[in-house]
Amino acid sequence: MQPARTRPTLALALLLAAVSAMPAAAEAMSTQYDVSLIGLPVGRASFDTTIRGDAYRVEGTLASSGLADIVTRIKGKSSVAGRIQGTKLFAHSYGLDYSSDKKTYRSAVTFRSGKVSTAEVAPKVTKPKKDYVPVSQSQLSSVVDPLSGLMLKGKATPESLCKRRLPFFDGWSRLDLVLSPGGTRPFSTDGYKGDVVVCNVRIEPVSGYRAASRGMKFIQRQTIELWFAPIKDTGIFAPVYAKIPTEIGPLTLRASMFAKN
């Protein structure tokens, strides 16, 4: 598994642009996010979503900027495609491709009804350390990808949206995100104004990580805050704000434009 301090999968997941499940004709939407660390701008992300009937596709990019480029330059892209069935979204394929300075990381995962069919990553874990917790096939029978995994369907209440456990798999690691109600907040941005649902999130590692990892031990002790806004009348909610504790200070992600045609 990649070091926790360099792998941006969770951040990409929290930047997810939501989609609408209802249109019969193709519909496209865009969402943009500003990323800050201890209040300083360090990056931007954008996501383009296309819906055609019950099929969806999300393509996103993330890039460091400003002061962050002085320390490390990060550039990445991620995508997911799948189908909407009832109240759930099932990914067919998920991909991540990003670089941090001179290092490149790639992940390609295919699914079938929530079960992982194939998973290819680079670099691979060829010589795991003694404290490495391997991923077993039984842990991949019912999982979600880091993008559409945060597309929540339910009522606009903390109890409806936040009482759930999300079994994430990104190709390297299995992590459970345990959500709990955190109330509501007012929120306004280009494309949305109104109340949002706040979920408190704890991370529980399952496999594909080093038990002695300092970064993993740190994030397990923290509570992440996610704010979800509705997409029109679809009953689907997506993140518009996230606050993620890091050892340096809080990393925040805020939608500057939300699901705008």
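Buried means under 20% relative accessible area, exposed means over 50%, and partly exposed lies in between (1.4 Å probe, protein chains only).

I opened a predicted model, where local features need pLDDT of at least 70, side-chain atom pairs count only at pLDDT 80 or more, and totals for chains, interfaces and linings use all residues. Residues are numbered from 1 along each chain as its sequence is written, and side-chain values use heavy atoms, with hydrogens and water left out.

**Entry: Ile 38.** I looked up Ile 38 and found 45% relative accessibility, so Ile 38 counts as partly exposed. Ile 38 sits in the loop between strand S1 (27-37) and strand S2 (40-52); strands are DSSP runs of E, at least two residues, and helices are runs of H or I, at least four, numbered from the N terminus.

**Entry: disulfide.** I searched the whole structure for disulfides (cysteine sulfur atoms within 2.5 Å) and got one. Cys 162 and Cys 199 form a disulfide, with 2.0 Å between their sulfur atoms. This pair joins distant parts of the chain, 37 residues apart: Cys 162 is in helix H3 (residues 158-162) and Cys 199 in strand S12 (residues 192-207). I noted -75° about the S-S bond, a left-handed link. Both Cys 162 and Cys 199 are buried.

**Entry: Asp 131.** I placed Asp 131 in the loop between strand S7 (115-122) and strand S8 (132-133). Neighbours within four places in sequence aside, I listed Tyr 209, Arg 210, Ala 211, Ala 212 and Ser 213 in contact with Asp 131, contact being heavy atoms within 4.5 Å. A polar atom of the Asp 131 side chain lies 2.9 Å from the backbone nitrogen of Ala 212.

How values were computed:
Polar contact = N/O pair within 3.5 Å; in protein donor to acceptor, adjacent residues only side chain to side chain.
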